[in-house]
Amino acid sequence: MKWSFRVCRVAGIDVRIHITFLLLPLFFGWSGWQEGGAAGAGNEIVFILALFLCVLLHEFGHALAGRHYGIPTPDITLLPFGGVARMTRIPSRPLQELVIAVAGPAVNVAIAGVLGILLFAGGGLFSGPPTPERLFLQQLLTVNAGLVLFNMIPAFPMDGGRILRAVLAMGCGHFRATQIAARVGQVLAVGFAAAGFFTNPMLVLIGLFVFSGAQDELAYARFLHEYENTRAEA
Ligand SMILES: [Zn+2]
């Protein structure tokens, strides 16, 4: 991916950061500073980095599930609105796509579970002594739950949309399934962007990303479909 640089290599996968990702700690650090000085800035930055560690682990969930089916992932790139695991090819069977799509959110379910156990042990999930450490874990638990719910929205090519395509593909084939999932994804993307105009500019970005992503995936599926047709005729 252009404008990104390599940070480290884990399990044979390059972890990259897009240059725009750096805006995130800057923005959150600045807003933390306004509220609570240096300590506030530090808290916000630590939290946003912890959140993106969860996003990175989510992407590793996809990548390692893909590897299980013989699909390598050369790199994972972190962007301000999430992560992208770049797989070398799409899974050939709908069931494989289903497992790979579910593996990401499943990681966040596991993280939320571990955080929940830690909080319970310390006096209750959202009760108990309101120490800074507990507030941190509670917030992290909430955003992990949010990540799971958000990713389950069937906005192809987000995870929920991939799950939708995989399920549809079991009945009507890869190309038709992609057509339907891409249309559903683009309608939802327009909805994200419209909602984002009034609430959060990040949603506008996500809407644009989903819309163009669905378009690209549809073009690729059409290419594969036509290629297979010409091969069948030959
Ligand atoms: Zn995912």
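The model is predicted, and every value below is computed from it. The largest nonpolar core has 30 residues, and the elements that give two or more residues to this core are the helices H2, H4, H5 and H6. Elsewhere in the chain, strand E3 pairs with E2 in the parallel sense and with E4 in the antiparallel sense.

**Nonpolar cores**

- Within the largest nonpolar core, the residues that touch the most other members are Ala-101, Ala-155, Phe-156, Ile-163, Ala-189, Val-210 and Ala-214.
- Two or more residues of this core come from each of helix H2 (94-121), helix H4 (159-172), helix H5 (174-198) and helix H6 (201-233), and the largest share, nine residues, is that of H2.
- Val-210 touches Ala-155, Met-158, Gly-185, Ala-189 and Phe-192, when residues up to four places away in sequence are not counted.
- Another core, of eleven residues, lies apart from the largest one, and its members include Phe-52, Phe-60, Leu-79 and Ala-85.

- The buried residues of H3 are Leu-141, Val-143, Asn-144, Leu-147, Val-148 and Asn-151, and because they cover an arc of only 170° around the axis, they lie on the same side of H3.
- On the face of H3 turned away from that buried side stand the exposed residues Pro-132, Leu-135 and Leu-149.
- The buried residues of H3 are covered by elements that include helix H1 (23-68), H2 and H4.

- Strand E3 (residues 75-79) is mostly covered, since four of its five residues are buried.
- Strand E2 (residues 13-18) runs parallel to E3 and is joined to it by four bridges, with Asp-14 standing opposite Asp-75 in E3.
- Between these two strands the chain passes from E2 through H1 to E3, and the β-α-β crossover made in this way is left-handed.
- Strand E4 (residues 82-86) pairs with E3 in the antiparallel sense over five bridges, and Gly-82 in E4 is the bridge partner of Leu-79.

**Backbone features and single residues**

- Most residues other than glycine have a negative phi, and most peptide bonds are trans.
- Phe-156 and Pro-157 are joined by a cis peptide bond, with omega about 10°, and Pro-157 lies in the loop between H3 and H4.
- Phe-156 is also one of the residues that touch the most other members of the largest nonpolar core.
- Ala-11 has a positive phi of about 50° although it is not a glycine, and this residue lies in the loop between strand E1 (4-10) and E2.
- Ala-11 is exposed, because 10 other C-beta atoms lie within 10 Å, where the cut-off for an exposed residue is 12 or fewer.
- Arg-176, which has its place in helix H5, is partly exposed, with 15 other C-beta atoms within 10 Å.
- Arg-176 and Arg-9 are 167 residues apart along the chain, and their C-alpha atoms are separated by 37 Å.

Key. Residues are numbered from 1 along each chain as its sequence is written. This is a predicted model: local features need pLDDT of at least 70, side-chain atom pairs count only at pLDDT 80 or more; totals for chains, interfaces and linings use all residues. A nonpolar core is a set of buried Ala, Val, Leu, Ile, Met, Phe, Trp, Tyr and Cys residues joined through C-beta atoms within 7 Å. A residue is buried if 20 or more other C-beta atoms lie within 10 Å of its own, exposed if 12 or fewer, and partly exposed in between; C-beta atoms are placed from the backbone. Two residues are in contact if their C-beta atoms, placed from the backbone, lie within 7 Å. The arc is that of the directions from the helix axis to the C-beta atoms. Two strands pair if DSSP finds at least two bridges between them. A crossover is right-handed if, with the strands pointing away from the viewer, the path from the first strand over the helix to the second runs clockwise.
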